[in-house]
Structure formats: structure tokens, C-alpha cells
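Here are some friendly notes to read alongside the structure. Please keep the model open and follow the points in order.

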Amino acid sequence: MTLDEVLAKLQSRFPQAGVQKVDTQPDAHLSVDAKGILEVLRFLRDELQFETLANLGGVDLLAESKLVVVYHPFSYTHKLIVPLKVTVNREVGVKVPSVCSIYKAANWLERETYDMFGIDFEGHPDLRRILLPDDWKGYPLLRDYKTPDYYNGMPIPLYFGDPPDEGKPAHGGEA
Amino acid sequence: MSETLLHKDQNTENLRTDELLINMGPQHPSTHGVLRIVIVTDGEIVKSVRPDIGYLHRCKEKHSENVDWMAVAPFVDRMDYLASMNNAMGYAIAVEKLLNVEVPPRAEYIRVITSELQRIASHLMAFGTYGLDMGAFTPFMHAFRDREKILDIFEAMSGARLLYNYMWIGGTMRDLTPEIITAIKNFIKYFKPMMSEYDNLVSYNKIFIERTKDVGVMDKAFCYTYGLTGPMLRGAGVSWDLRKDMPYSIYDKVQFDVPVGKGEMGTLGDCWDRYIVRMREMAESCKIIEQLIDNIPAGPHRARVAKKLRVPKGEVFSRTECPRGELGFYIISDGSEIPYRVKVKSPCFLNVSTLDDVSRGLMVADLVATVGSLDIVLGEVDR
């Protein structure tokens, strides 16, 4: 089975999910609408033997003002990865359906993506921060993220030396 | 004490047990790093478990977006600090796919030899610390004695003992000298009989078997849905190894077997099965090194790669078989001198995520056995 065969099956089965092939080099991927990702992944797992989820992650496309969630379901039977991308508007708390019910691996991977990009995975059983402290502000892997100078009154050391005065930026020069 | 002497209130029917919240870690010898586990116990039984990670989060993915392509490699070394060579090889292979660079054969040989040596070193660490978890201190000393010899070889190769920065994009940092090749040969000659010593000491030890068999069972379906790979998956009886089934580098030229768990001591996919898969993999790594070490082709040890790399626009998801499972790199390049996005899919991250599911109903001591059998490195979990 190849990516094109999977594409043909998905397009005939889910015409409303907007499955399109994008020829990125060297790995091509399929783009899917956010509302269709759940049924597409369920179909891949149940009927095309994509038994596991090899990866799930986020990408921030600052220039296009979009956020992307990338899924890499993998089939041990066909030895094939089908990269799927869901593109949504670039805003904090944007909704993407959670795929935890299909692959349990998605549970922590979605928490990580939420932690870093602020994407709200709808239907996730336990959407909390995972790598950062619970009271951290902001989503660090957004490309316009600015590291705060203080966390709970503690200066965040970005360089070696004395901590900056309160109110003065510790890095970058301009406030 | 006869029943008549018991006070009415001491009757066990009236005794009530409460759920108790226990913190294990973050500084705890059996959590293999800084992992905090909040355990809800009912007496000695684990009711639920909440792993709390992030103590070793060093923003590697964010850093990678701010430095050039070559400068990411040392970060990758520091993720899984017990298997730096394997990690860096995974990153190098991913970037080479983007660059479409062919690595010289000599470099491929050196890479595979070093990463198999690193696999032995990493599994030795897993073996030693697992012994510690089970209350046996001696295996730890044996494992460290032998791991030290591998670190000496790596020190001669790269100048560092733990974080090597040896696998560069396009090849390796330095060439192998004849002295190092002799040292590797001597090590393999020394190490092969040692493995039966480990087996006598730990693997078939009655106490060890009783502690690990039928504990923390993960079957095939469980591994699939949690995305578990490497020794976890093979411990569940699935014969899957990227080196064998989707070979990269020169793994298609070498003969080796893929050890799988068979439920020899108890249930298929228990802690003992995962443990024995690692032990048997060390023997397979020796086999691979023996096949390659005498036939290293002459030639350059690095492809001609520009000092300041410009990687063509594109994206790649590449996986390699690391000692702890399949390490994936999802890399996007926008055609500039620094990566646009480097997403690391760490195998241990998913291993830890299974803890709640697998440990419900276990005894607390068996939870320690289960955590040990995951062979986690928190540096890689948190990145």
C-alpha cells in the first residue's frame, strides 16, 4: 500500500473531510479538515491496519497565521507512515478534536502540544500542562513567544550574571 | 489471641482503611532520574498513579529553532544522555534525508559500530539499575565495570565520555584509528563470555524471577495503542525492529536476530520478558560489530558538507532504533540556515504515559519493578 492508495480510499470514503495530497519534499503529506480527522484516523486504524500512532506534534506557521497539528499513524502491516496535517487558525485555545479515543498514545502527545502551542484538544480526558509548571503563562513554542523575566517573583536566568532590576527586560534589549 | 479477648472495636470487620496519597520522587533512587509519581494506595495496593514529568525540561525544541543545523546535534546528545550516539545518529540521518546527502561507506560502518557499542552500554545501565531496583547491588557494579570499558573507547574516539558530539551531519567527527579498532575487538572478546555471567547472576536468579514475572504485563494491543516501541514492543512478543524491518544505514548488510519475549517465566509481556529482550540484544549487537569491524572500507569519514549548512525547503519524519525504542525526528526546513521546527518523538515519553494504566492493582513494590522495566531516561522524556 502506498500513500496514493490511502489517499484514494480516504477521498472516496470521506469526500467531506477535504483530504488533499501536498507534495512536500522529501515526505509528502495529506491535509485533512479538523472536523474530519477523527473519522479519518478511525478508518485508518480499523480498516487499513494503521495500528499505532508514531508521532503527534504541533507547528506554528507565523507567516501564514496558522497552527498545524501533525499526525503520523504507522502501519506495521504495510510498513507505511501516512503524515496527516490539520491546519487551524492561529489563536490561543483554538479547537481541534482529540484522537485519544483512537490511539491512547495521543493522550500525552496532545497534552504536550497543548502545553507548547495552546491548542485545545476537544474531548481530551485530562488536558493539563505536562512539561511546564501548571501556572506557567504563555505557550513557548509559538514563534513570537517572549520569555518572561520573572516566574512567581523568581528571575528567569537567560544569561550569566546578576539578575536584572524589576521592570527592566533581561534579554533582547528592547522592552 | 482468642476471639473472646478481643475488644469489640478491635474486631476486623469494623476496621476501615483509607486511601493514602504517596509521593514517589522526584528524587528517588528507583525513578531513574527526576520523575515524580503520585500514587494513590489502598494499603499495599496501587489504586491509581499520576506521573509528573518536566523536571528536566531544557527547552531543546525551542533552542533548536534558534541555532544552526549543526549546533542542534549537541542538544540531541543531551536528550538521552545514556545513548548519545544513537540519538545523534537519528538526527544526522533525518537532516541527511532533507539534504539528500550520501554518507560515505566508511562513515556508515563507523556509525553502526559506535551505535551498537552505545546500545550495549545503554542496556548495561538498564541491567545494572534494574538490579538495584530489585534490591541487588552487585549487578550494578558488574554493569558499570563493563560499561566503563566502552566509555574508554568512546573517549579515545571523540574526547568525551558521555556527550560525544561525534555523529555529524554527513558522517562522523573523526576517523577510527587502528588502535581504537583493536580496542573494540578486545572489548568484544572480553564481553561475550560476560553475558552468561550476568545471566547466572541475575536473569535466572530465583528471587529476581519471582519479583519480575507476571508483573506489569503489556500485551501487543496495549503496545500498539500506546505507540510503544523497541524492547517494550518486542517484550510483548512482536518481532519488530526498524534495523531489520525497515533498514537504514547499512543494517541490511548485517545478519542478526531480533530477540522477542516468549513468556518463558510467566505471562507474555511481563517485566522479565522486557528485561531479557535487552540482555539478548547485547549479544546481537556484539554479532553486528564482529561482522563489521574487520571490513571497514577505506575512504573519507565524512561527506563534503558545507560548514554553514543551508538545508533545502521541506519536511521529513525519520525514525531510528534507539536502545529505548524508536526515536523520531520530525523536521521542517524553510530553506534557511536554522531549522524551522524540530519535533522529537521520544520513546520514553510514551513509555511513562502507560504507567497509570499498567500499574492499577499492583503492589507498591511491583510498581518499582514496572518503572524499572520501562528503562526510562528522564532527559529524553522531558527534552
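1. In chain A, residues 24 or more positions apart account for 47% of the contacts with a separation of 6 or more; two residues are in contact if their C-beta atoms, placed from the backbone, lie within 7 Å. Buried residues make up 35% of the 175 residues in this chain. A residue is buried if 20 or more other C-beta atoms lie within 10 Å of its own, exposed if 12 or fewer, and partly exposed in between, with C-beta atoms placed from the backbone.

2. A word on how to read these notes. This is a predicted model, in which local features need pLDDT of at least 70, side-chain atom pairs count only at pLDDT 80 or more, and totals for chains, interfaces and linings use all residues. Residues are numbered from 1 along each chain as its sequence is written, while chains are lettered from A and ligands numbered from 1 in the order in which they are written.

3. Chain A has three helices and ten strands, arranged along the sequence as α-β-β-α-β-β-β-β-β-α-β-β-β. Helices (H or I, at least four residues) and strands (E, at least two) are DSSP runs, numbered from the N terminus.

4. Which strand is joined to β4(A) by nine bridges? The partner is β3(A), residues 52–61, and the two run antiparallel; strands pair if DSSP finds at least two bridges between them. Gly57(A) stands opposite Val70(A) in β4(A). The hairpin of β3(A) and β4(A) has four residues between the strands, and Ser65(A) takes a positive phi near 55° there.

5. Six bridges join β4(A) to β6(A), residues 84–89, in an antiparallel arrangement, and in β6(A) the bridge partner of Val70(A) is Lys85(A). β4(A) also pairs with β5(A), residues 80–81, in the antiparallel sense over two bridges. There, Ser75(A) has Leu80(A) as its bridge partner. The hairpin of β4(A) and β5(A) has four residues between the strands, with Lys79(A) at a positive phi near 50°.

6. Moving to chain B, three strands form an open antiparallel sheet in the order β1-β2-β3. Here β1(B), residues 19–24, and β3(B) stand at the edges, each with a single partner strand, so one side of each is left without a neighbour in the sheet. Neighbouring strands of this sheet are turned by 20° against each other on average, direction ignored; such angles come from axes, which are lines fitted to C-alpha atoms, for helices over the stretch in contact, and run from 0 to 180 degrees between N-to-C directions.

7. The pairings in that sheet can be followed residue by residue. β1(B) and β2(B) pair over six bridges in the antiparallel sense, and Met24(B) has Ile37(B) in β2(B) as its bridge partner. β2(B), residues 36–42, pairs with β3(B), residues 45–52, over seven bridges, again in the antiparallel sense. Val38(B) stands opposite Arg50(B) in β3(B). These two strands form a hairpin with two residues between them, and Gly43(B) in the turn has a positive phi of about 65°.

8. Next comes a helix pair. α2(B), residues 69–79, and α3(B) pack at an angle of about 145° with their axes 7 Å apart. On the α2(B) side, the meeting residues include Trp69(B), Val72(B) and Val76(B), and on the α3(B) side they include Ala88(B), Tyr91(B) and Val95(B). The residues of this contact divide into eight nonpolar, two polar and one charged. Ala, Val, Leu, Ile, Met, Phe, Trp, Tyr, Cys and Pro count as nonpolar, Asp, Glu, Lys and Arg as charged, and the others, Gly among them, as polar.

9. How many residues does each chain bring to the contact? Chain B gives 30 residues and chain A gives 27 residues. On the side of chain B that touches chain A, β6(B) provides the largest share, five residues. The residues of that side divide into 13 nonpolar, seven polar and ten charged.

10. Finally, the largest nonpolar core has 145 residues, of which Val40(A), Ala88(B), Tyr91(B), Val95(B), Cys223(B) and Ile331(B) touch the most other members. Its largest share, 13 residues, comes from helix α4(B), residues 105–133. A nonpolar core is a set of buried Ala, Val, Leu, Ile, Met, Phe, Trp, Tyr and Cys residues joined through C-beta atoms within 7 Å. Not counting residues up to four places away in sequence, Ile331(B) touches several residues, among them Ala94(B), Val95(B), Leu98(B) and Pro339(B).
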